Amino acid sequence: FIVHHRFEAKKRLSYLNYEDFDYLASILMTRWRNPNIVSCQLSTQLRENLRVLKVYFTRENLLNYKTAIRSKLNSTTKKIESSKLLQIESKLVSINKGLLMIAGSLSQAKQFRDLFPDIVEKVWIPMNQLNMTKSEMKIILDTIVETLEPLLEALSIPDGKILTQCWSDFVIGIKSVSYTHLRAHETGRNLVC
């Protein structure tokens with residue numbers, strides 16, 4: 001899987017070792033590949049559904065999504081302090097745009113090769129700038145997944161449950177990369193979850 005997709009490990013990721021990439025590849029293979037086909041290819045259904053989902057995210061819908069995420073975070077989160085929550089809200093649109101950009105690139109081999117640096121630049125760095133802990137990252141990414149289905153229902157988008165499941169599988173892969181990156185960054189060592 002790693003060799004087939006020729007993942008880029010630029011200097012920014014030089015502290016990750018082969019075991020880190022092997023772990024991350026196993027997560028991606030489990031969540032992003034069709035389990036019924038022996039192949040290194042990503043699930044066609046996942047790629048197509050993420051591409052469809054990206055089309056639905058017009059500027060207006062992206063702002064509605066941010067509002068839904070913010071509302072859920074404000075109503076349910078006791079583990080993130082309110083001052084940090086305000087900072088997180090300011091980054092939600094850029095994090096969601098980054099996630100959608102990465103999701104849209106899954107079908108393009110050249111861009112998929114940059115998956116790990118893209119996750120670092122578009123998801124992990126904005127979260128890290130807020131000094132987010134692993135549990136705070138989990139809360140944010142879980143909320144990003146949980147608020148999608150009600151938004152799709154409100155927009156009367158067909159196959160909302162399927163799109164939400166694909167989004168969930170996609171974000172689980174993103175979380176794994178973010179957590180591994182966070183742990184290696186915090187400890188200064190190469191650690192695998």
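## Contacts and overall build

Let's start with how the chain folds back on itself: of the contacts between residues at least 6 apart in sequence, 74% join residues at least 24 apart. Keep in mind that this is a predicted model.

As for secondary structure, the protein chain has 10 helices and zero strands. Walk along the sequence and the pattern reads α-α-α-α-α-α-α-α-α-α.

The protein chain has 193 residues, and buried ones make up 48% of them.

## Where α4 meets α8

Now for a helix pair. Two packed helices are described by the angle between their axes and the distance between those axes. Here the pair is helix α4, residues 59-76, and helix α8, residues 134-146; their axes come within 9 Å and cross at roughly 125°. An angle over 145 degrees would count as roughly antiparallel, and 65 to 115 as roughly perpendicular, so α4 and α8 are oblique to each other. Their crossing is right-handed.

Which residues make the contact? On the α4 side they are Y65, I69, K72 and L73, and α8 brings I139, I140, T143, I144, V145 and E146. Sorted by class, this contact of α4 with α8 has seven nonpolar residues, one polar and two charged.

## E136, a glutamate in α8

Helix α8 also holds E136. Is this residue buried or exposed? E136 has a relative accessible area of 7%, and the cut-off for buried is under 20%, so E136 counts as buried.

What does E136 touch, once its neighbours within four places in sequence are left aside? The list is K79, I80, K84 and N131. Two of those names are lysines, K79 and K84.

The relative accessible area of P150 is 47%. Buried means under 20% and exposed means over 50%, so P150 falls in between and is partly exposed.

P150 can also be placed relative to α4, through Y65. Along the chain P150 and Y65 are 85 residues apart, while their C-alpha atoms are separated by 9.7 Å. Y65 is one of the α4 residues that make the contact with α8.

Note on methods: Residues are numbered from 1 along each chain as its sequence is written. This is a predicted model: local features need pLDDT of at least 70, side-chain atom pairs count only at pLDDT 80 or more; totals for chains, interfaces and linings use all residues. Side-chain values use heavy atoms; hydrogens and water are left out. Axes are lines fitted to C-alpha atoms, for helices over the stretch in contact, and angles run from 0 to 180 degrees between N-to-C directions. Helices (H or I, at least four residues) and strands (E, at least two) are DSSP runs, numbered from the N terminus. Angles under 35 degrees count as roughly parallel, over 145 as roughly antiparallel, 65 to 115 as roughly perpendicular and the rest as oblique. A crossing is left-handed if the near helix is turned anticlockwise from the far one by less than a right angle, and right-handed if clockwise. Contact means heavy atoms within 4.5 Å. Ala, Val, Leu, Ile, Met, Phe, Trp, Tyr, Cys and Pro count as nonpolar, Asp, Glu, Lys and Arg as charged, and the others, Gly among them, as polar. Buried means under 20% relative accessible area, exposed over 50%, partly exposed in between (1.4 Å probe, protein chains only).
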